[in-house]
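Dear colleague,

Please find below the structure that I am handing over to you. My notes on it come after the display.

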Amino acid sequence: MGADNQNVIEMKDMYKIYPNGTVANSGVNFCVKRGEIHALVGENGAGKTTLMKVLFGLEEKTKGAVYISGKEVNFKSPREAIASGMGMVHQEFMLVPSYTVAQNIALGNEKKKRIFCDRKAEKEQMEKISKQFGLTADFDEPVYRLSVGAKQRIEILKVLYNNAKIIILDEPTAVLTPQETEELFCSLRLMVKDGYTIVLITHKIKEVMDISDSVTVLRNGQTIQTLKTSETTPDEITSLMIGRQLKPKRERIKSQSEKTVFQVDHLNVMDRRGALKVKDMSFSIKQGEIFGIAGVEGNGQSELIDAIIGFLKPASGRVFYDGKDITGISTSEFRKEPIGYIPDDRNLRGSSLSQSVAENFIICSHSGKEFNKGPYLDWKEVRKKSRDLIEEYEIKTDSERALVGSMSGGNVQKVIVAREISKKPDLLIACQPTRGVDISSIEYIHNKIIEQRNKGAAVLLISAELTEIMGLSDKIGMLYNGELVAIRENDDTVTEKEIGKYILNGRQDQDVTEE
Amino acid sequence: MKQKLKNTNLLSTVLSIVIAVLLGCLLILLVSDEPFLAIKSLLVLPLSNAFYMNNIIDKVTPLILVGLSASVAFKTGIFNMGVQGQFYIGAFVAAIAGNYLIGLPTGLHIAAVFLTAVGGGVLYATAAGALKAYFNINEVVTTLMLNYIATLVTSGMTNSYFRDPDSGGVIRMHYIPEYLELKEISTKVTAHSGFLIALVMVGFVYFLMKHSVLGYRMETVGKNRVFAQYGGLNIKRITLICFAISGGLSGLAGSVEVLGMHRSFFDNFASGMGGDGLIIALLASNHPLGVLLISFFFAYLKVGGQIMQQNTDVSRELVLIIQVIMIMLISSRMLTPYLNKRKFAKEVKKSG
């Protein structure tokens with residue numbers, strides 16, 4: 001009690017073992033000083049999110065002690081945590097889409113005037129906070145119309161509105177553009193200046209260096225080290241996180257082939273509500289070429305993909321693969337082609353969490369001769385092949401019978417990548433292939449994509465992560481509001497800033513302004 | 001890990017059953033003047049002689065089939081609430097075919113009765129399936145509505161056109177010719193041979209779900225529709241096939257009841273059958289062997305309830321109470337987290 005009053009959060013010797021036996025934290029020590037930005041880093045599955053969930057009362061700890069401002073606490077629910085001045089912005093936003101911004105912020109903490117809600121007083125307070133920290137928002141707009149960045153600002157406003165003094169942000173920049181990230185960081189700096197304490201969960205080293213005061217590294221559920229950011233280097237943090245040095249990126253061989261594998265020609269796609277989401281899009285990909293589409297999510301990426309794979313019928317335009325017109329093909333037919341497709345929605349489209357690894361592997365191949373004896377599915381053979389894939393792709397799992405849902409995000413993504421690449425594709429479509437995935441898996445998946453390219457596959461890469469687009473692509477298409485506003489060779493002259501301007505504004509010659 | 005969790009699941013099912021039975025006994029103690037005779041009649045007497053045991057087998061036969069029917073649908077993520085209606089259609093068609101296809105050679109007639117009855121169930125279920133597959137109409141609503149239609153139409157027909165004039169106060173059709181009846185299994189096991197059909201169907205569903213390509217597809221659709229669709233499975237076709245198999249099993253159950261037990265179609269003769277099927281599938285976690293076991297337990301309780309009602313002042317509705325408690329305990333999975341926690345606490349201790 002009160003041993004060190006400077007520590008606003010102190011977690012001692014924390015253990016968290018989930019009922020299914022997963023050990024998420026085993027002996028974590030974590031201290032945060034008042035008024036600092038403290039980065040909590042580690043690979044996926046290192047236990048960052050779990051630790052914060054325990055702190056926030058979302059999960060019950062197995063063992064250990066938590067002190068807030070020197071007082072021992074044991075939150076049983078987030079409500080208790082909020083009452084003691086904590087707030088958390090989750091990776092997935094928890095907003096009601098049909099409510100307005102103001103309603104969302106006030107939800108659960110409405111000001112009352114007799115039996116009515118005092119919307120005016122609520123709004124006054126919101127505006128005050130909004131101005132103070134530069135968190136702009138249109139309070140009367142329904143949330144479903146907002147961009148991802150704006151939604152995140154709403155989440156932060158909500159936390160501040162609830163009088164939180166300690167704010168936990170779980171991977172806040174995963175969905176933001178560089179400009180939006182910079183704005184977020186400005187707001188965070190203002191908050192810290194005002195006495196707020198911020199815990200930032202991330203696995204992006206660059207951000208740690210940019211903004212944090214201290215950094216705690218977790219690995220395999222244990223605290224590896226807590227460092228002052230000013231006294232460390234990115235390389236040191238990386239090697240602490242993964243426990244080894246990164247391998248160099250695979251060599252890229254310049255493609256010689258001129259054969260066009262995939263072509264999209266004046267494609268227009270409407271979403272299910274009838275809004276035009278892809279506008280007059282044309283591009284083509286040659287053998288051994290990676291075509292990257294950069295863009296903020298929600299600018300037509302998913303409609304483009306759905307039209308290609310047969311989930312949506314395009315309004316007009318053509319799609320060609322290997323010289324064949326595949327416009328409007330059914331998904332079943334599409335999946336029979338040697339085309340690998342890594343969807344952006346890992347947990348819904350990409351895998352079936354409540355089925356085993358083996359069952360996930362054979363979704364496209366189970367009707368092939370290899371596993372099929374009349375109506376009889378040869379599970380023995382399936383399992384054997386699955387074990388081979390698990391070994392080849394370094395997937396961490398007990399066995400091929402383990403449920404995919406019990407595995408970490410990076411490993412689930414590896415299962416998907418393994419399945420799609422084992423089709424030996426001559427076209428690989430990869431959507432956000434490394435979103436929310438740990439560093440080792442990113443490294444691995446990137447190398448696999450480059451390997452496919454070097455083998456002569458055409459690759460369509462769609463990503464909101466500019467470093468990924470710039471690191472892998474041969475050509476970059478910049479997507480803004482359903483249009484490819486520019487296509488550029490990826491040479492040394494391309495900068496992240498330039499791309500950022502295109503995908504935020506649709507053009508180059510203008511400063512970034514808020515929408 | 002999966003294996004371990006399955007075991008605690010099984011354990012929690014067994015525990016739920018035990019708790020439900022104990023609570024049932026407690027209720028008997030509270031309401032009855034002769035509680036010990038009542039408990040004995042309910043739990044011990046059904047296994048005390050061959051007559052009662054055969055009675056159990058007779059009762060278990062349709063339960064297995066409707067339980068399988070529901071479990072196949074549930075496994076595919078389809079809530080076929082229409083087991084009852086499909087059962088009645090199967091039974092009704094079997095009775096009609098049995099009575100009015102007279103003149104066919106015996107073997108052909110038997111085959112025709114089964115085929116038409118199963119076909120009736122298939123078509124009746126597939127109607128709801130088509131609405132779901134092509135127009136995305138919720139199958140819960142359509143199948144429940146179709147239940148009313150099946151119950152009322154068969155009842156109306158049996159009351160009017162097809163009623164046996166010699167049936168006295170009972171509303172039923174003519175009795176089917178004797179050669180169509182499902183005979184006793186043997187001189188000792190006097191239950192009708194529909195039981196054997198049910199056992200064959202347990203094997204069939206087991207093979208279907210565990211070892212066939214179709215079973216893999218059905219399960220994948222049930223576990224994650226979007227994944228299945230993205231993986232290139234033809235969801236419409238799988239939905240239709242699933243409805244067909246489920247409806248066929250219900251139809252078969254109906255025909256087996258008519259041919260083995262009642263020898264005619266009685267007006268509204270098995271009103272709880274569909275509900276029992278759904279509950280059995282639920283309690284069995286849709287596993288065919290689980291369906292077999294739970295069906296036996298249900299049949300045992302039904303027979304026990306009858307004996308208890310004959311012997312004592314406790315009515316057989318008590319069995320319903322026990323069933324309901326079981327359903328609450330199991331479907332809310334109230335015991336599973338508790339058991340898991342204990343198990344892992346032990347393991348953590350062991351591993352230090």
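The notes below cover a sheet, the nonpolar cores, a pocket and a cavity.

This is a predicted model, in which local features need pLDDT of at least 70 and side-chain atom pairs count only at pLDDT 80 or more, while totals for chains, interfaces and linings use all residues. Residues are numbered from 1 along each chain as its sequence is written, chains are lettered from A and ligands numbered from 1 in the order in which they are written, and side-chain values use heavy atoms, with hydrogens and water left out.

Sheet. Four strands of chain A form an open sheet in the order S14-S13-S16-S17, with antiparallel pairing. Strands (E, at least two residues) and helices (H or I, at least four) are DSSP runs numbered from the N terminus, and two strands pair if DSSP finds at least two bridges between them. Strand S14 (276–286) and strand S17 (324–325) of chain A are at the edges; each has a single partner strand, so one side of each lacks a neighbour in the sheet. Strands S13 (residues 260–270) and S16 (residues 316–321) of chain A run antiparallel and are joined by five bridges. Val264(A) has Val319(A) in S16(A) as its bridge partner.

Nonpolar cores. A nonpolar core is a set of buried Ala, Val, Leu, Ile, Met, Phe, Trp, Tyr and Cys residues joined through side-chain atoms within 4.5 Å, where buried means under 20% relative accessible area (1.4 Å probe, protein chains only). The largest has 179 residues, and Phe262(A), Phe283(A), Ile429(A) and Leu460(A) have the most contacts inside it. Helix H3 (residues 50–75) of chain B gives the largest share of this core, 13 residues. Another core, of 34 residues, lies apart from it and includes Phe139(A) and Leu169(A).

Pocket and cavity. On a 1 Å grid over the protein atoms alone, a cavity is a set of points where a 1.4 Å probe fits but cannot get out; a pocket is an open set with protein on both sides within 12 Å along at least five of seven lines; lining residues have an atom within 4 Å of a point. Grid points are joined across faces, edges and corners, and a volume is the space filled by probe spheres set on the points.

The second largest pocket has a volume of about 1,100 Å³. Of its 42 lining residues, Lys204(A), Ile205(A), Glu465(A), Thr467(A) and Glu468(A) are the closest to its centre.

The count comes to one cavity of 30 Å³ or more. The largest cavity has a volume of about 70 Å³, and its lining includes Val54(A), Glu59(A) and Phe75(A).

With kind regards

Definitions and conventions:
Buried < 20%, exposed > 50% of the residue type's maximum accessible area, 1.4 Å probe, protein only.
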